[in-house]
Structure formats: structure tokens, C-alpha cells
Amino acid sequence: MTANNGQRYRFTEAPIWELQRQYYEQLGIQAWTNDRVPQYITSNPMIATAYAEMILGVMQDRASQGHTSDTVYIVEIGAGAGRFAYHVLHELCELVDYAGRELPPFRYVMTDLAMSNVTAWQQHPKLQPYAAQGLLDFATFDGVNDTELNLFASGLTLRPGDLQQPVVVIANYFFDSIPQELLYIGDGRIYEVDVFVEYKEQETVSKDKAADKLNQISLRYEHRREPSYEREDFPYRDLVKLYQEELEDSHVLFPVAGLTLLERMDALSQSGFVLVTADKGDHLIDCFKFAEPPILTLHGSFSLTANYHAFKHVYEQKGALALFPKQHYRNINVGCIINMKNASHCDQTKLAYRRFFERFGPDEFFSLKEWFDQCLDTMGLQQIFGFWRLGGYDAEFFIHSAKRISSLLPDANEEEIEDLYHGIHRMWSTYYVMAQRYNLALDAGLILFEMDKYEDAKRYLEIAVEEEQGDVVSTVFYCLAVCSFELEQEDDGIRYLKELLKLEPDHEEAAALLEGLEQG
């Protein structure tokens, strides 16, 4: 049962957008805990590597044009949990070292709406070294309204016209979550679509939690003739005219807020911007033909579908180069807009896009991962290792595969054992800790224990015990005891046996072993 609140809104002014802001401000970094808001698809090491290659391409192009002294600023709008930024920074630093040529300096700026997110980033041990080196900075930033960035680490303020190098703008899962206008095209005319926001019975709606309110909302749409979009002085008149000519009986999300954000990013630099963006978003006009009104996709917050076609058209009209895949996307669309003088001459940037997005990119990778997850129980170690490497030794993939890897270990050869051993250490070295439902150290430690790598297994399992904070299963203490005795660390072994027996007093093997040690 619903109750109509009786008020009609322009779609872009509906209360859903304020609830969206409240959701992220209330939850802060917890919004991404256990994928409450999806983050894996835009935060895994594979997509971060692709972005690092794009940024390197921009830096190489600037160096080729003689611009090596001024800093290239990379501004991520809505950096969320911070995992993506960390993986980009890690890979970009390695690429710069490998490049072996003079490149302009860079600084990555993580931004978000909530101050609590900035505080969490500043305290994260994986990000602190980059901030200390001056490679990373932080800012609160309202992508809908703000015109400058106040950087917390350096104390600098980036204002319009301050930057000499083009600003690299990263916007993942951003344009689908900020206010958009909603148009209807029918009989060659433009209508604005208004919305009635309807709630379930009011007493069931929490006044404090935006997520609860969003979960109880339904939308009802009505069209209203709006000739202002057809006036010659409307800023995006060419785009509206194209929609009038090409579409019929079609609803179109019109991203005025997103387009004005890019105008503000462009104003920061005297050399333009390079946008790299990933979202569920359409860049082909055919996708809008006979489109129905949007449905909110709820995941704590909500998202719609980004209108990448509008971004592409508007900036191509300005002389920019817009790069989008020729194929249709399934999960996520990744595009690049190079809004610079002589954009077509940015050869390294274009090559990076071709190699890491168009030829094979994050969308194809995620589709393969979905298939791989379903087929994991039929695969051997070489297939598992191959995909693990393709994904940049991703921790989440390892956790999902740990049970299958364990079952295959008895038949593994020495080379496979060695590759697995080095892969675990490489994965751990780039692991970005988030508040998640799993314990990576536990899975890594148990696999290493099964490989008879007792010293490493003990180190990881001790980390796991510390992380579990009292919820440790007796098996872990048994493994730790065995590791200790194998390493001739008898005192540790005895201590872990006693911990095991606290949890499982009837464990006969542990009791007998402890008794023998104490008597001997």
C-alpha cells in the first residue's frame, strides 16, 4: 500500500536526490562495506591498471609536447572506499619507473562528498605513504556545485585557471548517481517529465535513515510540454534538436549537472581536461529509441543510467575527441573524452584506450569473472592462476577460489606450488583492507599451511587471529601450533595448544600432545 504525498516535482528536483546525498553523508565509508554499494567492478586491480595506463599515456603525450615541468593533477570524483585510487597509484608509480623517460610530475586527488571518507583515507596505511611523498592529496568536493578544490595534505587550493597541465578527471559510478533532467520526445516536441514521489505507509519509514526511505519510494511520471529546451539560447540546443529528429516516443535522461561538472573541471586548467569514466551508461543513440521512464536501481543508494551519448555529442561539437567502445557493453561502459587542443594528436592516450578498454577491457573482464565463478569447481590450477594473473592478483578472486585451490594442492607440482606461493605474497603486498565479511590472512595462511610453508603460514594466521578478535575457530590454533613446533618455537606451540583446548576441551590429540610436552 502506498500513500501519495500529493506533490509534483521536476525530476531533477525530486526528493530522491537529497536522500541520495544524505545516504552517502550518513554512512560515509561504510556505504561500500560488503558491496552494499557495488564497488568491485570499478575497484579491482585490473580496471585500476587500465586507468593507470591511460594516465601514463596522457603524461607521455604531454612530455612529447615539451610540457614536463608542471604537475598533472588527477582528480577522482567520488573516490568512495579508496580501493580504486590505491591500485591506480600503485600501478602508475611502477609504470613511471618502467617508462625510463622524463615525464611530468603527478598528484592524485581523492574527493568525495562526506568528510568522514576523507578522514578514513588519511588514516589508511596503504594511502599514507603516497600522501607523504606528495603523490596523493584529499578534498571534500560536491560534484554538483563546487568550483574549487581545497587540498588537505598540501594545503593548496585549486581554483579556475590555476593548472597548466590538463586535469585528468576520473568519474566511476558517478554520473548515474547525480541529478539528471528527464525529457520525453514525442511528435517532434520536447516534454519535461515530472514525477510524483510515493511512499509506503508513513509510519514504516524511518526519519533518520535515507536508505530506508529510498527503499520505500515509488515514482509516478507525468509529461509537461516544455518549449524552453527548443529555444536557440538553450546551451545544449544542438543535442536536443538531434533527439527531436532521431527519437520518437522516447524518454531521455538529460545530464545537465554532469555536463556543468565537466565545464567546472575544464575551467581549472588552461589546457583542458581528459575524462576517463566508467558507468552503466549508453553512448549510442539507438539505445534511447522508445525508451521507457527510468526505474531506480536500489543498492542502499540508487542509480540510473548515465547518458554518455550526451557527453560525447556535446564535446565532439566543441572539437574534443570522444573514445567509446565500438561494441555494446554488458556490465559497464568505459569512455574517454580528450578535451584539449589538438586532441587527435594525443597518440599515447589513444593507444592506451585501444589496448586497455576497446580491445579488451573491464566490461569483458567482469563478464569472464562471472563465468569463471560459475565454472570454478571444474577448473585446474593453471586456469585459476591464469585468471588470477589477468585480474592483477586480486584478493577477492583468491578468497572465492581458496576452497578449490585447496582441493587441488595434493596433486600440484613444484612449479605450481612456487607460483602459488609467490602469487599470495604479491596479492598481500597490494591488498587494500576494507571492512568486509572475509579474512584474507586466514585463507592465505591455511593455503600456505597445506603447502608446508610453515613460517609464512604462521605469520598470516597470526594476523588472522588478531583480526578475528575472539571469533577464531579451533582449527586455526591447531595449525598455528603445528607451525610453531615445525619451526622449533615450542613456547608458541604450547600457547596455541592451550588456546585450542579452551575452545575445544575434548580435542584428544591436542590434549595428549600438551601433556607430553609438559611432562617431558
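Modeller: For helices that pack together, axes are lines fitted to C-alpha atoms over the stretch in contact, and angles run between their N-to-C directions. The structure shown here is a predicted model.

Biologist: At what angle do helix α8 and helix α9 pack, and how far apart are their axes?

Modeller: Helix α8 covers residues 256–268 and helix α9 covers residues 308–317. They pack at an angle of about 45°, and their axes are 10 Å apart.

Biologist: How is such an angle to be described in words?

Modeller: Angles under 35 degrees count as roughly parallel, and those from 65 to 115 as roughly perpendicular. The two helices, α8 and α9, are therefore oblique to each other. Their crossing is right-handed.

Biologist: Which residues meet where α8 contacts α9?

Modeller: From α8 come Gly258, Leu259, Leu262 and Glu263, which meet Ala310, Phe311, Val314 and Tyr315 of α9. In this contact, six residues are nonpolar, one is polar and one is charged.

Biologist: How does one find the empty spaces in a model?

Modeller: A probe the size of a water molecule is rolled over the atoms, which shows where empty space is left. In this structure, the second largest pocket has a volume of about 450 Å³. Its lining consists of 20 residues, and the closest to the centre of the pocket are Pro45, Thr49, Glu91, Arg389 and Gly392.

Biologist: Which elements give two or more residues to the lining of this second largest pocket?

Modeller: They are α2 (45–64), α3 (83–99), α10 (347–358) and α12 (381–390). The largest share, six residues, comes from α2.

Conventions:
Residues are numbered from 1 along each chain as its sequence is written. This is a predicted model: local features need pLDDT of at least 70, side-chain atom pairs count only at pLDDT 80 or more; totals for chains, interfaces and linings use all residues. Side-chain values use heavy atoms; hydrogens and water are left out. Axes are lines fitted to C-alpha atoms, for helices over the stretch in contact, and angles run from 0 to 180 degrees between N-to-C directions. Helices (H or I, at least four residues) and strands (E, at least two) are DSSP runs, numbered from the N terminus. Angles under 35 degrees count as roughly parallel, over 145 as roughly antiparallel, 65 to 115 as roughly perpendicular and the rest as oblique. A crossing is left-handed if the near helix is turned anticlockwise from the far one by less than a right angle, and right-handed if clockwise. Contact means heavy atoms within 4.5 Å. Ala, Val, Leu, Ile, Met, Phe, Trp, Tyr, Cys and Pro count as nonpolar, Asp, Glu, Lys and Arg as charged, and the others, Gly among them, as polar. On a 1 Å grid over the protein atoms alone, a cavity is a set of points where a 1.4 Å probe fits but cannot get out, and a pocket is an open set with protein on both sides within 12 Å along at least five of seven lines; lining residues have an atom within 4 Å of a point. Grid points are joined across faces, edges and corners, and a volume is the space filled by probe spheres set on the points.
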